[in-house]
Amino acid sequence: MRHDSPIRILLIDDDADGQVLVGDLVQNAFGPRASLHRESTYAAGLEALLTEDYDLCLLDYRLGDRTGIDLLDQAQRLGGKTPTILLAGQSAREIDLAATEAGAADFLDKAEITAPLLERTVRHALRHARVQADLRESEQRYRALVDHNPHAVYGFDLEANFIAVNRATELITGYSTEELLGRSFQTLIVSDDLPIAEAVFRRTREERLSAEYELRLRHRDGHEIDIRGVSVPQVTDGSVVAIYGTAQDVTEEKRLRRRLAQREKEFEALAENAPDIIARFDREHRHIYVNPMISQITGIDRAEFLGKTNTDLGMPSDLVRVWDDALDGAFGAAEQRTIEFEFRGPEKKFCFQAHFKPEIDLEGSVSSVLCVSRDITELREAQETLLRRERRFRTLAERSTEILNLVDRNGTVLYTSPSVESILGFDPDELADENVYARVHSNDQRPAMSALREISETSESGELEYRHRHKDGSWRVMSSTVENLLDDPDVGAIVVHSRDVTKAKELEEQLRQAQKLEAVGQLAGGIAHDFNNVLTTIQGNAQMALMDAEGGLIDDLEEIVSSSRRASDLTRQLLAFSRQQVLHPRLIDLREVIEGMRGMVDRLIGEQIELTVLVPPQLGPVRADPSQIEQVVMNLAVNAHDAMRHGGELRISLDEVELDEDAGASLPYEVRPGSYVRLSVRDDGEGMDEETLARLFEPFFTTKAPGKGTGLGLPTVYGIVKQSGGYVWVDSEIGKGTTVDVYLPHAKDAASADDADRIIGDGSDGDPGGDEMILVCEDQDPVRKLARRALERYGYRVLVAGSGPEALAIAEEFDGPIHLVLTDVIMPKMGGAELAVRLRALRPETKVLFMSGYVRREISQSGGVAPDDAAGELGGLAEFIQKPFEPRALVARVRAALDSNGVGSRPSPQPKAGEGEGGDR
C-alpha cells in the first residue's frame, strides 16, 4: 500500500477514554488519509466487522464481560478476513500468544503506543495481510489447476505412499482422497503389472530420472483400467524427497486400438471376397490397397495399382478429375462423398457408383480414404425403364379429369395428381404428407377414415362419398373409389380415384326437390279437389236452405256459408301451390302493379320498417294474373315483416335479366333460357338456416308460433309463379336477412295460348232461370243432388247420372231434346271430356258445361280427353265452372252456356214458393 493511500480503520473499544486516545494516535499517525469508524459494543463491532469493508481493525482486549479474542475468533469463523491489531492495557505474553493464535496480525500495549509505532504496526499488518491474500490466491489457483486437470495428479513419499491426489485421481481409481492418502500405490496395481510399477518407482527414486509407463490399475469396484503416465522426482539439496506424477485413463483408447486391429482383419477378409471394387488411398491419392475385383473389371493386375495414382495408371482425364475432386473433399473436409462414373472395360461399358469414406486415426486426422465402387449398370437400366413408366403414368395422371391420390396404410398422401388444382384449387405440394381426408368436412371425416382403414386391413376396394373443402373455402362433394394395392410391388400404396360430383348432387337434389314438390302439389291438388266437392255440397245446401230459412236459422246458415267460403280460400291456396288454380292472365306492366301496391305494403309493414321501391323507367310486359301477382307481393311482404321484429328495411326492386344455361346453373332447377323480369323482395330480418330453406315451399310448413300462420304463404307464391311460367329462388343466411327473386318470362317469350279460361259472368245482372232439359253427370252423390235441386229450383228439368256410361245410356234412351250436359271431369270408368265427345256424336245440338275441382289445363294429366280438347271437337259448345260453386253461380253458368251462340230459349219462370228476396242470399 502506498503511503498516500486512504485507510479505512474500524475501532472497537467500550471505553470512551480509550477511543479518544486511539483516535488521537490515528490522527497523528495518518492525518486525513485515515478515516476512523468507532463501535463501543461487542455485538455492534462484530456486525461492522462482518458487513463493512475495512482495511484494518483496532480491537480492544476488554469488551465488557467478553474479550476481543472472542470477537476475533468468532469473526474469522463467520468468514471475516479483515486484518486485526489487538490492543490491551498491559503487555502480557499470554494475551499476545492468544491473539496470534486467534489470527491477529499484531498486538500493542496501550500504554506504550506512539503515533510512529502505530503507523509502523498498521503498515506491517497491511503488508502481511496482502502477502497472505496473495498466498491464498496462489494456492487457490494451483489447487484449481490441479483439481481441474483431466489427468490424475499425484504425489508419493519415498515409501510409495500417496501424499497428494487431485479430483481426477479419485475419478480414475474410484477411491476418495481420504482413502488414498497414506495408502501404498502398489495396492492398486494389477498383480501382473507390479514389476513394471516397481521398476518405474526405483528409476525415479534411485536414479532421479523421470519415467514413462503403461500399466493396469484395479478400480475400486474391481474392474481393470489401463493407464499411461509419467513419474517425476522432487529433488531438494541433491536428494529425492518425494515423487510426483500424472496419469491418464487410456482404457478406451486401448480398446479402440484392439478393435481397430480386429476390424482391419475383418476388412481384409471381406474385401478380398467382395463383389464390389474396394480400394484405399493415401493423401497423395495413391492406391495403398485394392481387392481382386479390380482386376476382373479393368483387366489390370491388382499389384499394378499399389503405390500409383489414377493418373499414373493412365485413366481417362475426365475420370481422374472427378475422382481427385472426391478424394480432395474426403481428405480436406473429412466428409463422405459419392460419385457416379462410367468405365469401359475390356468387354463392355460399366456404370459405377463410388462411395468415399474418410478413415480417422486415433489423433482425429484423416489418415486414408476407403472407396467402395459398386456396379450399378443393371440398376441404372432398371431405373431408366421405371422412369419411362413413371413419365407415362404422370402424363396420364396429369391429364386426368379426376384426382389420383396414392396414400400409405395410414392415409398419408404420397402422391397427388396435378388435376387437384383445377378441381379443388390446391397445389399438389400443399397436400403432400398430410392425411388424404385432413380437409374433409368434420361430419364426413370419421366415416371416410374408418372406411379407408377397413380397406387397408382387408385388401378390398370400396367407394366413398364426402364433402371436401375447396381452397376458396367452399365445399365440394367428392366420390372416391379406393383400391388397396399395398401388396403390389409396382404400386405399394392405396389408390384413391376421386371425382367432383357436386353438380351431379345438386342436380339430383334439384330433381328430388322438384319431385317432392310435384308430389306434394299433386297431393295438395287432390285434397283440394275432394275438399271442393265437400265444400260444394256444404256451401250449396246451406245457400239452398237460406232461400227458405226464417228467423235465427238464417244467421246460422250464413255463418256456415261464410265458413265454407273461407275454406274455399284455403283450397284456392292449395290449388295455387299445386298450379291447379284458375288464373286469368293478361299482359301487365309489373311497374304499375308494384307502384299501385306501394301504399298498401307500407301500411302493412308498419312504421318500424322502411320501404324502398326501385323500378326502372321502362320494363317489358309479362303475361300474368295481376291479382295473383299482388298476392305474391303481399305474401312476401308479410313474411318479411314477420322476420324483422326489431325493424329494418324492406326493398322491392324490378329489373330485366337474361337467363342462359350458365345463369340458370345458379338456380336450384333447370330454367328455360330467355328474357325475364325479376321481382326481388329483400329484408334485413333474422334469415333462415339450410334446413328451413329446404322445406320452405312445403305446404303447412311454418316457423311461426302455433296459430300465427298456416304455412301456405310461400307455397302459394311458388304455385302462382310456376303456373305463370316463371321461377322463384330464395337466398337467406342466419342474421343476414332474406332475398326472394321471382323470375317471370317476358310476354314475347311466354308460350302463346288461348287467353286463359273464358270468364263467364255469374248472372247477377239477369234472371238465370229456364226450362231447358239438363243432364247432370256427377259421381259424387251429394254434389249431384245439390246440382239437381239448384237447377230444378230455377225451373230447369233435370236428368241425373252417376257415371259416364250411365249418362250415355240416358242420352240414347231419352226421346226429348237434351239442351246441356253438366258433367264432372274426373270420374271412374269414363271421364267427363270423353263423355262430352261421345255424347256430341249422338246429340250434336247438346252443349256442355264442365265442372271440376281441378284447373282445366291440369285435368289431362289425370287421363282421358282434356276439356279444352273436347271443346275443340264440340265446336266451341263447351264451358267450364270451378268447384266449389254456389247454387246461383252454377245456374248462372248454365244459363250463359245455354245462351252462347244463340242456342236455347229463355223463358222467364217465376221463383218457386219461398224464394222471394231470400233467393239471393
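Reader: Why does Glu 207 count as partly exposed?
Author: Its relative accessibility is 46%. Buried means under 20% relative accessible area, exposed means over 50%, and partly exposed lies in between (1.4 Å probe, protein chains only). Glu 207 falls in that middle range, so it counts as partly exposed. This is a predicted model, in which local features need pLDDT of at least 70 and side-chain atom pairs pLDDT 80 or more, while totals for chains, interfaces and linings use all residues. Residues are numbered from 1 along each chain as its sequence is written, and side-chain values use heavy atoms, without hydrogens and water.

Reader: What makes the contact of Glu 207 and Arg 203 a salt bridge?
Author: The distance, N to O, is 3.7 Å. A salt bridge needs a side-chain nitrogen of Lys or Arg within 4 Å of a carboxyl oxygen of Asp or Glu. The pair meets that limit, so the name applies. Arg 203 is partly exposed, at 35%.

Reader: What does the salt bridge of Lys 471 and Glu 430 tie together?
Author: The closest N and O atoms of Lys 471 and Glu 430 are 3.0 Å apart. Lys 471 lies in the loop between β20 (461–469) and β21 (475–485), and Glu 430 in helix α14 (residues 428–431), so the pair ties parts 41 residues apart in sequence. Helices (H or I, at least four residues) and strands (E, at least two) are DSSP runs, numbered from the N terminus. Lys 471 is partly exposed at 43%, and Glu 430 is partly exposed at 33%.

Reader: How many helical turns separate Arg 788 and Glu 792?
Author: About one, because they are four residues apart in helix α23 (residues 781–793). Arg 788 has a relative accessible area of 34%. Glu 792 has 28%.

Reader: Which residues of helix α24 are buried?
Author: In α24 (residues 804–813) they are Gly 804, Ala 807, Leu 808 and Ala 811.

Reader: How do you know on which side of α24 they lie?
Author: They cover an arc of only 100 degrees around the axis, which puts them on the same side of α24. That arc is taken from the directions from the helix axis to the C-beta atoms.

Reader: What covers the buried residues of α24?
Author: The cover includes β30 (773–777), β31 (797–801) and α25 (832–842). Contact here means heavy atoms within 4.5 Å.
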